[in-house]
Amino acid sequence: MEQSFTEPYEGKYRLIVLFGPDDHDSRLTSQIDLLMAEEQALQERDVYIFVVAGPGAVKALGDGASGARLDPDSMRERFDVPADAFRIVIIGKDGTVKKTSDDPLAVSDIKALIDSMPMGAEEKRQRKGD
């Protein structure tokens with residue numbers, strides 16, 4: 001059985017997968033800019049970001065993640081994203097999809113979603129030193 005692309009990250013990392021028709025899609029570039037502005041907060045929440053734009057290779061943003069072995073077509077198929085669509089997919093540490101949106105999301109909403117998850121709530125308490 002083929003390994004899910006999320007499997008190597010499960011239990012350790014949350015994933016944000018961004019899909020766009022190409023690298024110049026305004027929704028895609030806007031979402032990337034929003035995420036990169038809050039990169040430290042997302043790293044503290046163990047988030048890796050992958051970008052699937054057009055037919056090219058999957059790109060990983062930030063430290064530690066690699067999109068080198070990921071196939072953009074199979075990722076679009078797995079998340080049912082048409083080639084001409086923008087979508088953001090948020091995947092929890094358990095490997096399940098927690099949220100999808102066809103519009104860019106505010107990073108504050110993404111952080112709130114993560115912090116509301118059971119593992120996220122525990123991690124938030126640890127970050128605060130409680």
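Predicted model: local features only at pLDDT ≥ 70, side-chain atom pairs only at ≥ 80, totals over all residues.
The protein has five helices and five strands. Along the sequence they follow the pattern β-α-α-β-β-α-β-β-α-α. The chain holds 130 residues, and buried residues make up 42% of them. Among contacts between residues at least 6 apart in sequence, 55% join residues at least 24 apart. The accessible surface comes to about 7100 Å², and carbon and sulfur atoms account for 47% of this surface.

Strand E1 (residues 14–20) runs parallel to strand E2 (residues 47–53), and seven bridges join the two. Within this pairing, Ile-49 in E2 is the bridge partner of Ile-16. E1 also pairs with E4, here in the antiparallel sense and over five bridges. In that pairing, Leu-18 stands opposite Ile-88 in E4.

How many residues of E1 are buried? Seven of the seven are, so E1 is largely enclosed by the rest of the structure. In a regular strand the side chains alternate between the two faces of the sheet. For E1, one side carries Arg-14, Ile-16, Leu-18 and Gly-20, while the other carries Leu-15, Val-17 and Phe-19; all of these are buried, and both faces of the strand are covered.

In soluble globular proteins, nonpolar side chains tend to be buried together. In this model the largest nonpolar core has 18 residues, and those with the most contacts inside it are Ile-16, Leu-18, Leu-35, Ile-88 and Ile-110. E1, H1, E2, E4 and H4 are the elements that give two or more residues to this core. Its largest share, four residues, comes from E2.

Leu-35 shows how parts of the chain meet. Leaving aside residues up to four places away in sequence, Leu-35 touches Ile-16, Leu-18, Leu-42, Ile-49, Val-107 and Ile-110. Another core, of 16 residues, lies apart from the largest one; among its residues are Leu-70, Met-75, Ala-85 and Ile-91.

Ile-90 is found in strand E4. Ile-90 counts as buried because its relative accessibility is 1%, under the 20% limit. Not counting residues up to four places away in sequence, Ile-90 touches Leu-15, Ile-16, Thr-96, Val-97, Lys-98, Lys-99, Leu-105, Ile-110 and Leu-113. Ile-90 and Thr-100 are 10 residues apart along the chain, and their C-alpha atoms are separated by 6.3 Å.

Asp-25 lies in the loop between E1 and H1. Is Asp-25 buried or exposed? Asp-25 is buried, with a relative accessible area of 11%. The side chains of Asp-25 and Arg-27 are joined by a polar contact of 2.9 Å.

Asp-46 has its place in the loop between helix H2 (39–44) and E2. Although Asp-46 is not a glycine, its phi is positive, at about 60°. With a relative accessible area of 25%, Asp-46 is partly exposed.

Asp-80 sits in the loop between helix H3 (72–78) and E4. The phi of Asp-80 is near 55°, again a positive value in a residue other than glycine. Asp-80 counts as exposed because its relative accessibility is 62%, over the 50% limit.

Methods. Residues numbered from 1 in each chain as written. Heavy atoms only, no water. Buried < 20%, exposed > 50% of the residue type's maximum accessible area, 1.4 Å probe, protein only. Contact = heavy atoms within 4.5 Å. Areas by Shrake-Rupley, 256 points an atom, 1.4 Å probe, with all protein chains shown as cover. Pairing = 2+ DSSP bridges. Polar contact = N/O pair within 3.5 Å; in protein donor to acceptor, adjacent residues only side chain to side chain. Core = buried A, V, L, I, M, F, W, Y, C linked by side-chain atoms within 4.5 Å.
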